[in-house]
Amino acid sequence: MAKALPVSPLAPECFPALPDIRGVSFATASAGVKYEGRTDVMLARLVPGTAIAGAFTRSATRSAAVLDCQDKIGQHSEAGAAILVNSGNANAFTGQNGAGAVQAVTRAVAETLDLPENRVYSSSTGVIGEPLPHDRITGVLGQLRDRLSGDGIKDAAEAIMTTDTFPKGAGTTVVIDGREVHIAGIAKGSGMIAPDMATMLVYIFTDAVIERDILQDMVSALNKKTFNCITVDSDTSTSDTLLVAATGASGIRVTGKSVGFMEGLRTVMLDLAHQVVRDGEGATKFVEVSVTGASSDKDARIHALSIANSPLVKTAIAGEDPNWGRVVMAVGKSGAPADRDSLSIWFGDILLAEKGWRNPDYREEDGAAYMKGETIVIHVDLGLGGGTAKVWTCDLTHGYISINADYRS
């Protein structure tokens, strides 16, 4: 059994009360994929007519499960569907063995639940380079089928954890034409977080009726401003997967013009993204980096990520050191246009530097006091144009090294 990590000091007080999503049921089991006695497999069953959209890592070494999901995601079907996730083993960099393991798992799920195999999606998370003991997973499918329940989403969130210190969930209710549509999601992730198209493992469910193409457009657009705007350590996972399933069980139709639903989905996605950052391995500070005044939004994003991913910036934050010179460094090295003499920097509402010079009214003790908070906001204005970006990260502590120095053992 793996040693439990202390819960992140940035964790929410408890797992949230999520709205029930009609048309989806959950089950979990202990398969012993890596550790004995740990719940490590989650199954979600979806009713016929469910539309599924997704986004995935663009890593050149992405896992067999990701490749399989990518092949299936655009296929239209009115049949039921299922999502099966295991923790403890990423089934990545495992060659043909990996592809065979995915096929064995998805085929067995299809047979167990009487579904077409192309409607079974799987994900794996954990150690890279180790063959997936898929027989352990298929061996508990009968238990999973018999345990399916509409109120098992919290257990599902716990089953997909690896180095996470708390289960992550978020939900909301949207009113459309006087009727309620529900959205609820779970996520895992705390390290190897620098999304590229998607992030970690995320599963979101709604009982709205949505055409698949419309749902995919929504997911792709919202992903750019939520999951693709977080970073813990600048490392992109081989297994990043985001799946969003619309069961249609509410009977309430959502179109591409449904602004309220779009905002509700954005809220859930951003909440989950922030929770991943708050559970960053060893994190003690939640950090927002806001860049304005760039030549373009693209340039603003480059600068923001350069700041957010800088080990020197992140360690200064961990040490509660208001070392704004490291922010200057990160802007200068980013590769995007910047002008020293138009650059201004704030920590919270404290102006530290303005138009290329230290603010003469800035007091070091004010900056030091601000850095003691759990939430740090770094704002940079480049003074070059109208481009803006906002990303979220955490500090870099000794805890990150301790967790990752012996991850395989």
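The legends below go with a set of close-up views of one predicted protein model.

Residues are numbered from 1 along each chain as its sequence is written. Because the model is predicted, local features need pLDDT of at least 70 and side-chain atom pairs count only at pLDDT 80 or more, while totals for chains, interfaces and linings use all residues, and side-chain values use heavy atoms, with hydrogens and water left out.

**View 1. The whole chain, before zooming in.**
The protein chain has twelve helices and 15 strands; here helices (H or I, at least four residues) and strands (E, at least two) are DSSP runs, numbered from the N terminus. Its C-alpha trace spans about 70 × 55 × 40 Å along the principal axes. A compact globule of 409 residues would have a radius of gyration near 22 Å, and the chain agrees, because its own value is 22 Å. That radius is taken over C-alpha atoms, and the globule rule is 2.2 Å times the number of residues to the power 0.38. Of the 409 residues, 56% are buried, where buried means under 20% relative accessible area, exposed over 50%, and partly exposed in between (1.4 Å probe, protein chains only). Among contacts with a separation of 6 or more, 81% come from residues 24 or more positions apart; a contact means heavy atoms within 4.5 Å.

**View 2. The six-stranded sheet.**
This open sheet runs in the order β13-β12-β11-β14-β10-β15, with mixed pairing. Its edge strands are β13 (357–358) and β15 (387–394), each pairing on one side only. Two strands count as paired if DSSP finds at least two bridges between them. Look at β14 (residues 375–381) and you'll find β11 (residues 344–347) joined to it by four antiparallel bridges. Ile345 sits opposite Val380, and Trp346 has His379 as its bridge partner. β10 pairs with β14 too, but in the parallel sense and over seven bridges, with Phe286 standing opposite Thr375.

**View 3. The two faces of β14.**
In a regular strand the side chains alternate between the two faces of the sheet. In β14, the covered face holds Ile376, Ile378 and Val380. Thr375, Val377, His379 and Asp381 make up the uncovered one.

At 1.5 Å a residue, the 13 residues of α8 should span 18 Å, and its end C-alpha atoms are 18 Å apart, which agrees. The expected span is 1.5 Å times one less than the number of residues. The buried residues of the helix are Asp299, Ala300, His303, Ala304, Ser306, Ile307 and Ala308. They pack against β10, α9 (311–318), α10 (325–333), β14 and β15.

Strands β7 (residues 179–188) and β8 (residues 201–206) run antiparallel and share six bridges, with Ala187 partnered by Val202.

**View 4. Thr125 and its surroundings.**
Thr125 is part of strand β5 (residues 120–127) and is buried, with a relative accessible area of 8%. Its side chain makes a polar contact with that of Lys188 at 3.1 Å. For such a contact, a pair of N or O atoms must be within 3.5 Å; within protein, one must be able to donate a hydrogen and the other to accept it, and residues adjacent in sequence count only if both atoms are side-chain atoms. Not counting residues up to four places away in sequence, Thr125 touches several others, including Asn86, Ser87, Gly88, Ile160 and Leu201.

**View 5. Val66 in helix α1.**
Val66 lies in α1 (residues 64–72) and counts as buried at 2% relative accessibility. Leaving aside residues up to four places away in sequence, Val66 touches Phe56, Thr57, Thr238, Ser239, Asp240 and Thr241. Val102 is 36 residues from Val66 in sequence, and their C-alpha atoms are 9.7 Å apart.
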